[in-house]
Amino acid sequence: MALIAANWKMNKTLNEGITFINELNKNIDDVSGNEILICPPFTLLNEISKIKHENLKIGAQNMYYEESGAFTGEISPLMVKEFCEYVIVGHSERRNLFKEPNQWINKKVLCVVNHGLKPILCIGETEEEKKKKKTNEVLETQLKACLKNVSENQIKQVVFAYEPVWAIGTGKNATPQEAQDAHAFIRGLLTDMYSQTTARPLKILYGGSVTPENAAELIQQKDVDGFLVGGASLNVDSFVEIIKKSKK
Ligand code: PGA
């Protein structure tokens, strides 16, 4: 079963979110057979959790690694837990615009799993790193730093997202072969760090300009277990199309 996650980023007011979910609820039979996750802005979590179809899951786009205290503008695991099953951690926009280092992302991964939630850990190289053929090196550095002290038992709760920075919001997706190579490399690293039995069933999502046009070919790749969709998840029709084309 593929996991198809919508990352709405900083988009949709309450009314817009409600309209989307009501429409998606109506299409729920068409999208059965996949795990579907919506990651809306925090302001929509409460309402969406009330109106969504029971087969839809909810995730947060970010979370701080302390339970409470003087952290203006942040959101705690206890708050997120009231509505969410998943939390996106280490998205490249958080890394680049908000300067989140691997060390924080590691604390977040540990905090998310310790609260019984599932992190979606994002990793990926920039265009410059790709040009210098440093993709694998970057993936290894990010993965190892972000998974420091994560036990073999805890890693089973973690979902991975390969999101090449050059593909995010650019309309320039990784080719199926590029995605497969990166995903196989990530699974190989996880096999070395843990074991083959543990690494094999872990989900590795692809993210970066996924559309109804490229989803079918990407999902056919052996190590592509689903998608993290930004732009194309803002419209119900294109999101439903992607889900329909992503049977695994
Ligand atoms: P995109 O974003 O689908 O708009 O490229 C993906 C993401 O940032 O998760």
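The legends below walk through several close-up views of this predicted model. Residues are numbered from 1 along each chain as its sequence is written. Because the model is predicted, local features need pLDDT of at least 70 and side-chain atom pairs count only at pLDDT 80 or more, while totals for chains, interfaces and linings use all residues; side-chain values use heavy atoms, with hydrogens and water left out.

View B. From His91, a polar side-chain atom lies 2.7 Å from an oxygen atom of the ligand. Gly169 takes part through its backbone, with an N or O atom 2.7 Å from an oxygen atom of the ligand. For Gly230, a polar backbone atom is 2.8 Å from an oxygen atom of the ligand. The protein covers 95% of the 280 Å² of accessible area that the ligand has on its own (areas by the Shrake-Rupley method with a 1.4 Å probe; for residues, only the protein chains shown count as cover).

**View C. Asn7 in strand β1.** Asn7 sits in strand β1, residues 3-7 (helices, H or I with at least four residues, and strands, E with at least two, are DSSP runs numbered from the N terminus). With 5% relative accessibility, Asn7 counts as buried; buried means under 20% relative accessible area, exposed over 50%, and partly exposed in between, with a 1.4 Å probe and protein chains only. The Asn7 side chain reaches the backbone nitrogen of Lys9 at 3.1 Å. Beyond neighbours within four places in sequence, the contacts of Asn7 include Cys39, Gln61, His91, Gly230 and Ser233 (contact means heavy atoms within 4.5 Å).

View D. Ser233 is placed in the loop between β8 and α12 (236-244), and its relative accessible area of 0% makes it buried. Its side chain reaches the backbone oxygen of Val229 at 3.1 Å, and a polar atom of the Ser233 side chain also lies 2.7 Å from the backbone oxygen of Gly230. Leaving aside neighbours within four places in sequence, Ser233 is in contact with Ala6, Asn7, Trp8, Phe20 and Phe239.

**View E. Two positive phi angles.** Most residues other than glycine have a negative phi. Lys99 is not a glycine, yet has a positive phi of about 55°; Lys99 is found in the loop between α4 (92-97) and α5 (102-114) and is exposed, at 62% relative accessible area. Ser209 is not a glycine either and has a positive phi of about 55°. Ser209 belongs to the loop between β7 (204-207) and α11, where it is buried at 16% relative accessibility.

**View F. Ile21 in helix α1.** Ile21 lies in helix α1, residues 14-26, and counts as buried at 0% relative accessibility. Apart from residues up to four places away in sequence, Ile21 touches Trp8, Ile38, Ile48, Ile51 and Lys52. Ile21 and His53 are 32 residues apart in sequence, with their C-alpha atoms 8.3 Å apart in space.

View G. Cys84 is in no disulfide, and the nearest cysteine sulfur, that of Cys39, is 7.5 Å away. The Cys111 sulfur is 13 Å from the closest cysteine sulfur, in Cys84, so it is too far for a bond. Cys84 is buried at 7% relative accessibility, and Cys111 is buried at 9% relative accessible area.

Definitions and conventions:
A disulfide is a pair of cysteine sulfur atoms within 2.5 Å. A polar contact is a pair of N or O atoms within 3.5 Å; within protein, one must be able to donate a hydrogen and the other to accept it, and residues adjacent in sequence count only if both atoms are side-chain atoms.
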